[in-house]
Structures are given as C-alpha cells and as structure tokens.
Amino acid sequence: MLAPGPLAAAVQFQHIAFGTPLDVSPRPGETFTAAVAQFHETGQNPYVSDAAALADGKHLYETWCQSCHMPDGSGRIGPSLIGPQHIHERAATDVGLFEAVLGGSLGAMQSFRDRMTQDEILRVTAYVQSLRRSGS
C-alpha cells in the first residue's frame, strides 16, 4: 500500500455528468494501493483479469449496485450497465465507469466516494466490465 497523499495523476478525472474536475485525492484514512496509483497514471483498470479482484468486485456489486442495476447489470432503477448505449458515452471506458461510481451522476446515482475506497471502486468496475464482456 502507498501512503495517503496526492499522486501526480496523468489521467484528468471529471464528473461524468458535468465534466468538472473530480477530486481523486484519498479520503481520510484511505491509502492508495499500487493498483490505484497505476490507474491514476494509465487510466487502465489493472483488475480486469484478476480473478480474486473480480470475486471481490462481484461481492461489492451485490452489496451496492445490484438493487438498482439488477444482478446481471441489465438495469432497473439505474440504467443498463451491459448494453451498447450509455447515458454518458464516457461510461463505456474504465475511466468513465470509475468516475461515475466515485463521483456519482444524475438522478439516483450518488457518489460512492464515502462508501468504498478507490481500490474497491476499481474492483467493482472491473466486475461490471466482466459483465459487459460476458454479455450477461
């Protein structure tokens, strides 16, 4: 784990709906993992093919996401996460999906910044990407 503190992010994170800068500094007590540091630098989620991280992401998805997005990601209160169309086209990318979870969006999609660490957000978004790949 890396010490908490600002990282020199190569990726410029934005609020998914408004395009305003998104604060990706660690919340109080949060330490950034190597995966978070790598993601801030490259914008590529390092967990997309990590079986243990995907299992953790599935558990997080079941806890926080499936009530609005359904177990298979097909959408209910929240939009489908697996279809080819997105409310915000940026959400089709690793960065955009991360931004939507961390910063929230419009309507009922609130920020999960205070509920999950950025590492957990990477894990849950990797799981969502796996749902997209499987076409579930």
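A salt bridge here is a side-chain nitrogen of Lys or Arg within 4 Å of a carboxyl oxygen of Asp or Glu. The structure is a predicted model, in which local features need pLDDT of at least 70 and side-chain atom pairs count only at pLDDT 80 or more, while totals for chains, interfaces and linings use all residues. Residues are numbered from 1 along each chain as its sequence is written, and side-chain values use heavy atoms, with hydrogens and water left out.

A search of the whole structure finds five salt bridges. One of them joins Arg123 to Asp56, with the closest N and O atoms 2.8 Å apart. This pair links distant parts of the chain, since Arg123 lies in helix α5 (residues 118-134) and Asp56 in helix α2 (residues 51-64), 67 residues apart; helices (H or I, at least four residues) are DSSP runs, numbered from the N terminus.

Arg123 also forms a salt bridge with Asp119, where the closest N and O atoms are 2.7 Å apart. Both residues belong to helix α5, and they are four residues apart, about one turn of the helix. Through shared partners, salt bridges join Asp56, Asp119 and Arg123 into one network.

How accessible are these residues, given that buried means under 20% relative accessible area, exposed over 50% and partly exposed in between (1.4 Å probe, protein chains only)? Arg123, at 18% relative accessibility, counts as buried, and Asp119 is buried as well, whereas Asp56, at 38%, counts as partly exposed.

Within helix α2, Lys58 and Glu62 are four residues apart, about one helical turn, and they form a salt bridge whose closest N and O atoms are 4.0 Å apart.

Definitions and conventions: Helix = DSSP H or I, 4+ residues; strand = E, 2+ residues; numbered from the N terminus.
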